[in-house]
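This report covers selected local features of one model. Please keep the sequence and the structure in view while reading.

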Amino acid sequence: MASLACGSNLSSFRNAIVGTETRFAFSKSFISMPDFSRSNLNFSYKQCFGVGIPRAKAEVFEDQSTGIKEKERVLRVGLICGGPSAERGISLNSARSVLDHIQGEDLDVSCYYINCDLKAYAISSAQVYSNTPADFDFKLESLAQGFQSLSEFIQHLADSVDIVFPVIHGRFGEDGGIQDLLEKANIPFVGTQSHECLRAFDKHTASMELNKKGFMTVPSFLLEESKLNKDGFLKWFSSNQLDIDSGKVVVKPTRAGSSIGVTVAYGVDDSIKKANDIISEGIDDKVLVELFLDGGSEFTAIVLDVGSGSDCQPVVLLPTEVELQFHGNNEVREEDAIFNYRRKYLPTQQVTYHTPPRFPTDIIECIRRGASLLFQRFGLRDFARIDGWFFPSPTHTLSSMENYNKFGSTESGAIVFTDINLISGMEQTSFLFQQASKVGFSHSNILRTIIQRACSRFPALISYDNAWNGSSRRLKSTQQTKAVSKCRDVQKVFVIFGGETSERQVSLMSGTNVWLNLQAFDDLDVTPCLVAPQNGYSSIMRHAKGDLETQSRTVWSLPYSLVLRHTAEEVLAACIEAIEPDRAALTSQLRNQVMIDLMEGLNKQKWFAGFDISDDPPIKYSLGEWIMHAKEVQATVFIAVHGGIGEDGTLQSLLEAAGVPYTGPGVMASKICMDKVATSLALGHLRNFGILTIHKDVRRKDELLNASITDIWHDLTTNLQSNTLCVKPARDGCSTGVARLCSAKDLAVYATALQKCLLQLPSNSLSKVELASI
């Protein structure tokens, strides 16, 4: 696949800032915006930018007792990811994010990977950025240093690192496995101890402990592979007034994280079948069946321990409400929907997050108080994520006398805590960073706070306190940024992403990644900006808009916390919610209370330099107004909009007309490169130099919809001299709407999808190869 260089690395960008589709191409397989969505920008600051200064700097501190100045010590952190569970892919994403945000001159990170067979490897930081666990497994033997045994691995850690940061989700990471090995070797680590991990990780054990410790719980029944007690299960159904043939329950593995294998079942037989599926797939040999309680809203809350040494002082950040939405999606019945693995970790318009929740204020405070108590009573350490449900109208089961005096029973409804996550996901847009940024922490600041809190438990590591005091960033509000810009040479950069093409979610990931990486430089003032999607999906077929309509498109200048979402639609919804006066006032009130609670503990820590994220509201512009604003503040625009106006020369033309510098190719190059046919023609004269393009035939959409499909297929296969064809929009992204067609029937299926504006083809609708997306 051909590709033209158009600023595909941040080195080119750094040098730059300092000095509607109607045709479809058919072929026997061109040129696109580089994909910055993967967090693989693990560059050396000096190597890439020359003059860039990372925020984490080596400092010189004076020993008060001797008056002697000495350079800070470098804390050696061992970052361990992977593991045997189905969540190891998420573990890799967490490791990339942690590595991105903690590495600096005061902190040296060594990376390690544990495979499905619990074999440990020392890996390079570059290897962390491989795409999937399969990539790791394929490359490990040749590129990584393997250890003969876990004992050898643990001895290596004892000799090589000061503290371990486990980011293994699920088994061996959250069940106490790796923690037990570290404890026996007296190696300091971040997070909860092994015994407490084991007790909190097992959903059945945790439920019994929650009940014993005075929290409301959901009635449940344990099914085990070795002893499947169907008679007892039938009695449990009857005692909970469930119909044995249709009673609705949730079936989940007891030891597989908060989302793996979780499903809805109806009746005893269906429950047993789905439990056996979990067991036969090797997810777990113990399965928990719980009542499905209707009418509730799911929430999740990050707990941060701001104590010191053995003193536990948990503070619960602003919880997040998880709202499931469907918009006519037929993938699953709405009443069966749960916050599963896909909805939690992959871009989807079926989930919207609200931080803080849209609950009564007393319920939000009760959630925070309850999560804090749970953290203490379970003996957790450093940080955790606690999930649960709020029921404004509790069912008979929850309002029974058994739950009357338990925590969670309130006048406004019932609160039930259901899952304890010992190692919360740490992807760029995870709940940890969403909630932390809402109360003043950047990614780097919250991670370093967690690590330093862990260090405070170990006398040998307390000496790192002073070093970190000089490394953390201070609060940087819009007003402060303006003041700083006047005092030193700071280049403003607007990173723009989003839009309305099918690639808008990849654009969001790309823009987010670029924005986060560029924030590492003191001489750049970087602002993320969203081109708002319009009325859901709209293909590039609508590209022929006039200049006035294009310039009236909405662009939002975003505060830190609102960028951290999975979809462009979710970012837009968060912006609209954030400027609603009552909502904004409530958020500010709750945020201030959480920050006060945090500072009660953090003010006692000499290593804590303060919060570094402000809570400025988003600002709404038209595209034309936004461009003029960029000109006024002398900003350079980093274009991360994939497809549409970001790649067809429209945005480039508007910026050039206003005299605003931007990254990437110019207007003409963008127009040519966006059009696959034009690109092919432009490269035609290079044929004698060995640069070839595939023969193509171009048809308009109206022809595909109105002419004889059989005749079109005959013409195409004859002209292109091929029995199978590749079809793609002539002016859209490199992977959007691409399909392999094997017959006229396949072409008819594709044409029908275009006519109905389907987001993707129905499964198995093509003869041999399915379409990835439309």
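Gln241 counts as exposed, at 67% relative accessibility. Here, exposed means over 50% relative accessible area, buried under 20%, and partly exposed in between, with a 1.4 Å probe and protein chains only. Gln241 is not a glycine, yet has a positive phi of about 55°. Gln241 sits in the loop between helix H10 (230-239) and S10. Helices (H or I, at least four residues) and strands (E, at least two) are DSSP runs, numbered from the N terminus.

Cys757 also has a positive phi, near 55°, in a residue other than glycine. Cys757 is placed in the segment after helix H29 (744-756). Cys757 is exposed, with 54% relative accessible area.

## Basis of the model

The model is predicted: local features need pLDDT of at least 70, side-chain atom pairs count only at pLDDT 80 or more, and totals for chains, interfaces and linings use all residues. Residues are numbered from 1 along each chain as its sequence is written, and side-chain values use heavy atoms, with hydrogens and water left out.

Strand S12 spans residues 286-291. S12 is mostly covered, with six of its six residues buried. Two strands pair if DSSP finds at least two bridges between them.

Strand S9 (residues 220-224) runs antiparallel to S12, joined by five bridges. In this pairing, Leu222 stands opposite Leu288. Strand S10 (residues 248-253) also pairs with S12 in the antiparallel sense, over five bridges. There, Val251 faces Val289 of S12.

Which residues of strand S16 (residues 351-354) lie on each side? Val351 and Tyr353 are on one side, Thr352 and His354 on the other. Strand S15 (residues 320-324) is joined to S16 by four bridges, and the two run antiparallel. Leu324 stands opposite Val351 in S16.

A cis peptide bond joins Thr355 and Pro356, with omega about 0°. Pro356 lies in the loop between S16 and helix H13 (361-377).

## Helices H3 and H15

Helix H3 (residues 88-102) packs against helix H15 (residues 443-455) at an angle of about 95°, with the axes 8 Å apart. That makes H3 roughly perpendicular to H15. Axes are lines fitted to C-alpha atoms, for helices over the stretch in contact, and angles run from 0 to 180 degrees between N-to-C directions. Angles of 65 to 115 degrees count as roughly perpendicular, under 35 as roughly parallel, over 145 as roughly antiparallel, and the rest as oblique.

From H3, the residues that meet H15 are Ser97, Val98, His101 and Ile102. From H15 come His443, Ser444, Leu447, Arg448 and Ile451. Contact means heavy atoms within 4.5 Å. By class, the contact of H3 with H15 has four nonpolar, four polar and one charged residues.

## Lys492

Lys492 is found in strand S20 (residues 491-498). Is Lys492 buried or exposed? Lys492 is buried, with a relative accessible area of 18%. The Lys492 side chain makes a polar contact of 2.8 Å with the side chain of Asp525. Such a contact is a pair of N or O atoms within 3.5 Å; within protein, one must be able to donate a hydrogen and the other to accept it, and residues adjacent in sequence count only if both atoms are side-chain atoms. Lys492 and Asp523 are 31 residues apart in sequence and 8.7 Å apart in space, C-alpha to C-alpha.

Definitions and conventions: Nonpolar A, V, L, I, M, F, W, Y, C, P; charged D, E, K, R; others polar.
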